[in-house]
Amino acid sequence: MKIALILFLGLALFAGPLSAQDDGGVDPEAAKAAVADLKKAFKGKDPDEQLAAVRKYADLLDKSVIKEIGAGLNARDQAVKLGTLEVLGSMRHEDALKELHRFAGKKTTQKDSLLFAATLKAIGRHADPSSIKVLAKNPWSNIDAQVVRARVYGLGNIRQKDSVDELMKMMNKGRPLPGEDSAFMGDFQVALCRLTGTDQTTNKSMWQNWWSSNKKDFEVAEVPQPMPRILQVQWDDFW
């Protein structure tokens, strides 16, 4: 199904990293109707109808609606799963993020690189500090390039000092020997530049030395500083 590729490439309706949570204020009757519609869709076997239902109610920030949308993560069709991840990544509500955290912790998710990368990206879009430990867990258990980038960029979108620390730890645990640069240093460069406002290129040792000298007093700026254009393009293209 072509829609799976479109979703993964980030060309779906819901694009871009998110930040603040919206409490919703949904009409109870509207939520009730949405839940009924979603239940009906998932009782059926048509993946297009299931995906359409999930996307239809992406703006209803209600716990009961989010729970039913989360059922899409258990769908048999890969495109429905990817579409559900896109929607949950766009919903600024703690329950949407909880669904994503739960799904990321499943071994079946972690073994499917396409699905895992989309899950980590959706989590990163929420930019929530509670996701740091999720994104940083067993960072090299899956070294698929898209998975690693989604993990690294996800941390880069959470503007906390702990994000920088976890990225540095992750960098140091990489496959290359100490002092060597890994194939993923370009991703680390973009994420770390986004968080720190400094560019230590793709050189692992330069980043380590910079962090060693600045870690004690370093604070992540609330608003990202401008990055070199080539790095900004890579960041924007990902989201």
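**View 1. Thr201, a partly exposed loop residue.** With a relative accessibility of 33%, Thr201 counts as partly exposed, a class that lies between buried (under 20% relative accessible area) and exposed (over 50%), using a 1.4 Å probe and protein chains only. Thr201 sits in the loop that joins α12 (185-196) to α13 (204-214); helices here are DSSP runs of H or I with at least four residues, numbered from the N terminus. Its phi is positive, about 60°, although Thr201 is not a glycine. Most residues other than glycine have a negative phi.

A word on what you are looking at: this is a predicted model, in which local features need pLDDT of at least 70 and side-chain atom pairs count only at pLDDT 80 or more, while totals for chains, interfaces and linings use all residues. Residues are numbered from 1 along each chain as its sequence is written, and side-chain values use heavy atoms, with hydrogens and water left out.

**View 2. Ala127, a loop residue with positive phi.** Move to the loop between α8 (113-126) and α9 (132-136), and you will find Ala127. The phi of Ala127 is near 55°, a positive value in a residue other than glycine.

**View 3. Val65 in the largest nonpolar core.** The largest nonpolar core has 66 residues, and those with the most contacts inside it are Val65, Ile69 and Phe188. Such a core is a set of buried Ala, Val, Leu, Ile, Met, Phe, Trp, Tyr and Cys residues joined through side-chain atoms within 4.5 Å. Leaving aside residues up to four places away in sequence, Val65 touches Ala31, Ala34, Val35, Leu38, Tyr57 and Leu60, where contact means heavy atoms within 4.5 Å.

**View 4. Helices α4 and α6 side by side.** The axes of α4 (residues 63-70) and α6 (residues 94-104) come within 9 Å and cross at roughly 25°. That angle makes α4 roughly parallel to α6, because angles under 35 degrees count as roughly parallel. Axes are lines fitted to C-alpha atoms over the stretch in contact, with angles from 0 to 180 degrees between N-to-C directions. From α4, the contact is made by Lys63, Ile66, Lys67 and Gly70, and from α6 by Asp95, Ala96, Glu99 and Arg102.

**View 5. Gln78 and its partners.** Gln78 belongs to helix α5 (residues 78-90) and, at 25% relative accessibility, counts as partly exposed. Not counting residues up to four places away in sequence, Gln78 touches Asp112, Leu114 and Leu115. Gln78 and Leu114 are 36 residues apart in sequence, with 9.5 Å between their C-alpha atoms.

Definitions and conventions: Helices (H or I, at least four residues) and strands (E, at least two) are DSSP runs, numbered from the N terminus. Angles under 35 degrees count as roughly parallel, over 145 as roughly antiparallel, 65 to 115 as roughly perpendicular and the rest as oblique.
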